[in-house]
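I will start with a pocket and then move on to the contacts between side chains.

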Amino acid sequence: MAERAIEDRWFLLSYEIIPLELKTANEFIKNFHRHNKPVLRCKFQIGLTYNGELIGVGICGRPVARMLADGKTIEILRVCVKDGYPNACSKLYGRLREIC
């Protein structure tokens, strides 16, 4: 019942973007990501909170492919969000894009 209430009023959710340390982002990924390992190096990372609880992280860094490493290109390395938070991934992707 509570999940249905969230689905019906997803537009009322107020997410907040916060800065994070890589260690915190990697701990979140370790706990909630299905198959990817933590990131070793990155340019920056952000977190997404709801009511003070960290519900998602996004990490950007240099491109993995050497041919794309031109000094101007940045790649989204990881995005990880807890289940049950509508549009949280989109919020993270959108903010990462704005920052870049």
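Let me begin with the lining of the second largest pocket, whose residues divide into five nonpolar, no polar and three charged, where Ala, Val, Leu, Ile, Met, Phe, Trp, Tyr, Cys and Pro count as nonpolar, Asp, Glu, Lys and Arg as charged, and the others, Gly among them, as polar. This is a predicted model, in which local features need pLDDT of at least 70 and side-chain atom pairs count only at pLDDT 80 or more, while totals for chains, interfaces and linings use all residues. Residues are numbered from 1 along each chain as its sequence is written, and side-chain values use heavy atoms, with hydrogens and water left out.

The residues that line this second largest pocket are Pro38, Val39, Leu40, Arg41, Arg62, Val64, Leu77 and Arg78, and the space in it comes to about 200 Å³. A pocket here is found on a 1 Å grid over the protein atoms alone, as an open set of points where a 1.4 Å probe fits, with protein on both sides within 12 Å along at least five of seven lines, and lining residues have an atom within 4 Å of a point. The volume is the space filled by probe spheres set on the points, which are joined across faces, edges and corners.

The largest pocket has a volume of about 270 Å³, and its lining includes Phe32, Lys82 and Tyr85. Which element gives the largest share of that lining? It is strand 4, with three residues, and strand 4 (75-81) and helix 3 each supply at least two; helices (H or I, at least four residues) and strands (E, at least two) are DSSP runs, numbered from the N terminus.

Lys82, one of those lining residues, also meets Glu53 in a salt bridge (2.6 Å, N to O), the term meaning a side-chain nitrogen of Lys or Arg within 4 Å of a carboxyl oxygen of Asp or Glu. Because Lys82 lies in the loop between strand 4 and helix 3 and Glu53 in strand 3 (residues 53-61), the pair ties together parts that are 29 residues apart in sequence. Lys82 is buried at 19% relative accessible area, whereas Glu53 is partly exposed at 33%; buried means under 20%, exposed over 50%, and partly exposed in between, with a 1.4 Å probe and protein chains only. The structure holds two salt bridges, and Arg95 forms one with Glu98, their closest N and O atoms being 2.9 Å apart. Both of these residues lie in helix 3, three residues apart, about one turn of the helix.

Turning to the aromatic rings, those of Phe, Tyr and Trp (its six-membered ring) pair if their centres lie within 6.5 Å, with planes under 30 degrees apart counted as stacked, over 60 as edge-to-face and the rest as tilted. By this rule there are three aromatic pairs. Tyr15 and Tyr50 form an edge-to-face pair, 6.0 Å centre to centre with 70 degrees between the planes, and the pair links distant parts of the chain, 35 residues apart. Tyr15 is buried at 14%, Tyr50 is partly exposed at 22%, and together with Tyr85 they form one aromatic cluster. The rings of Phe28 and Phe32 have centres 4.7 Å apart and planes at 40 degrees, so this pair is tilted. Phe28 and Phe32 are four residues apart in helix 2 (residues 22-32), about one helical turn.
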